Amino acid sequence: MFKYILPDSGEGTHESEVLEWKYEVGDYVEADATLLEIQSDKAVVELPCPVSGYLAKQYVPVGELGIVGEPIAEIAESKEELESYQSGGETSEEAPQKEEVKEEAKEQSTQEQSTTQAKDSSNEKDIRRMAVPRVRRYARLKEVDLLQVEGTGPHGKITMEDVDNFLEHGPTTQPQEQEVEEVAEEETLVAAPSMDAQGIPEDTPIKMTSMRRVIADAMAKSTSEVAQVTVFDQAVVDELVNHRNKMKGLAKEDDISLTYTAYVVKVLVGLMKKFPELNRSIDMENQQFLQHNYINIGVATDTPTGLVVPMIRNADSKSLFEIAKEIQELGEKALEGKLASSEMGKGSITVTNVGAVATSGVWSTPVINLPEIAILNVGRIDKQFMPDENDQPVLKHVMKLSFAFDHRAIDGVLAQQALNLIKKYLENPDLLLSEG
């Protein structure tokens, strides 16, 4: 019997949510076939089956969290081994598991006996769904009744910190006052909000998702480490609007949505070629710059679970239509939560565009996507009156630009020159496609 241990997905994560099992227990799985999908921070990762065999056990159901370094599945390497396993046979490796099952049964019996005076709803609660085995073992060592502990982990799971908090402060409510309400397959504790001394309801804590924690940490790191400065300008993009209007019909014939973001990606490719000083990151520990030998352009994408930045890899080798198609495909994957780790990170520079939700063209101060040293925000294209060569007001298409840079890496003059080139390319798409 092969015991499949949940690996680190490459991002240093401690736990990952199981999104989908590709096979049912008893199914035959070829080696290297995708066995399951997990959500690891911002990325969906497909885990291949390490050996050919029959799926004998799924340790973690869909929607639950698996712990890196702990078993995720059991694979029987023959039909006979599967049948032996299902009929209750065991190998030397399985003996400890049987002992753990016995220990859990004993534990449940002990817990039930210790709460015989509690309400029936508490007695019926399955402690195996309240906490993972290592937390249950920890609670036994500390002589803590898990039925009296309120879980703050995903789906109300009890963590070691919850056990420690219980030991320090006791139960948040008396056991006889707890009421448990099951909603679908998830369990949440429902209680009236407590009041402060002035009779005002106290705040309700809402636990961060793993993606939101990653975003929060990244933003905090960027704002605390980077000497960020933002310069602003605007581009008159009448020619860009006309060019897109001519080309989007041709793009549509190939089922490609030609957005202005594709043009901006081409602009940033040209920028990286003209200003290689921007295509690097800072290694402060070794007091050096790391010059990138690639041009990967990040496209900040809003999703229901948070902001992600898929990369247009080797964007300098791709046409405008190829870039537009890749933006479209990566955007769809991002919205479905299907982005892989390999489709993010190792960027040269990022573009962020709030034009779709802004009520007018806006400037902003975008936060640099570390370890990159610059980011460009483009606002929506607005019509506004601008003076012509005779100082007469003429209605023009105008795009506002916000270019943020890390002052540790580059100086203001170079940043302004970079913004001037961005503006020049946006105002002259023929020049952009010739040089960029």
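Begin by selecting the buried residues of helix H10: Leu414, Ala415, Ala418, Leu419, Leu421, Ile422, Tyr425 and Leu426. Here "buried" means under 20% relative accessible area, "exposed" means over 50%, and "partly exposed" lies in between (1.4 Å probe, protein chains only). Viewed down the axis of H10, these buried residues fall within an arc of 155°, so they line one face of the helix; the arc is that of the directions from the helix axis to the C-beta atoms. An α-helix has 3.6 residues a turn, so residues three or four places apart point the same way.

This is a predicted model, in which local features need pLDDT of at least 70 and side-chain atom pairs count only at pLDDT 80 or more, while totals for chains, interfaces and linings use all residues. Residues are numbered from 1 along each chain as its sequence is written, and side-chain values use heavy atoms, with hydrogens and water left out. Helices (H or I, at least four residues) and strands (E, at least two) are DSSP runs, numbered from the N terminus.

What do the buried residues of H10 pack against? Their partners are E11, helix H7 (238-253), helix H8 (260-274), E19, E20 and helix H11 (429-435), where contact means heavy atoms within 4.5 Å.

**The six-stranded sheet**

Next, display the open sheet of 6 strands, ordered E11-E20-E19-E18-E14-E17 with mixed pairing. Strands E11 (228-236) and E17 (311-312) stand at the edges with a single partner strand each, so one side of each is left without a neighbour in the sheet. Two strands pair if DSSP finds at least two bridges between them. E11 and strand E20 (residues 393-406) run antiparallel and are joined by 9 bridges. To inspect this pairing, select Val231, which stands opposite Phe403 in E20.

Remain on strand E20 and select Leu395. Leu395 has 45% relative accessibility and therefore counts as partly exposed. Its C-alpha atom is separated by 4.3 Å from that of Phe385, 10 residues apart along the chain. Leaving aside residues up to four places away in sequence, Leu395 touches Lys383, Gln384 and Phe385.

Move to H8, where 12 of the 15 residues are buried. The buried residues include Tyr263, Lys266 and Met272. From its first C-alpha to its last, H8 reaches 21 Å, close to the 21 Å expected.

Beyond H8, select Asn279 in the loop between H8 and strand E12 (280-283). Is Asn279 buried or exposed? At 4% relative accessibility, Asn279 counts as buried. A polar atom of the Asn279 side chain lies 2.7 Å from the backbone oxygen of Tyr294, and a polar contact of 2.8 Å joins the side chains of Asn279 and Ser348. A polar contact is a pair of N or O atoms within 3.5 Å; within protein, one must be able to donate a hydrogen and the other to accept it, and residues adjacent in sequence count only if both atoms are side-chain atoms.

**The four-stranded sheet**

Finally, display the open sheet of 4 strands in the order E1-E8-E6-E3, whose pairing is antiparallel. Its edge strands are E1 (2-5) and E3 (28-29), each pairing on one side only. Helix H1 (residues 79-86) packs on this sheet, touching E6 and strand E8 (71-76), and its direction makes about 20° with that of E6.

Select Tyr54 in E6: it is the bridge partner of Tyr28, and in E8 the bridge partner of Tyr54 is Ala76. E3 and E6 (residues 53-58) pair over 2 bridges, while E6 and E8 pair over 4 bridges.

End at Tyr23, in the loop between strand E2 (15-21) and E3. Tyr23 is partly exposed, with a relative accessible area of 23%. Among the residues that Tyr23 touches are Tyr28, Leu55 and Gln58.

Technical notes: Axes fitted to C-alpha atoms, helices over the stretch in contact; angles between N-to-C directions. Expected span 1.5 Å × (residues − 1).
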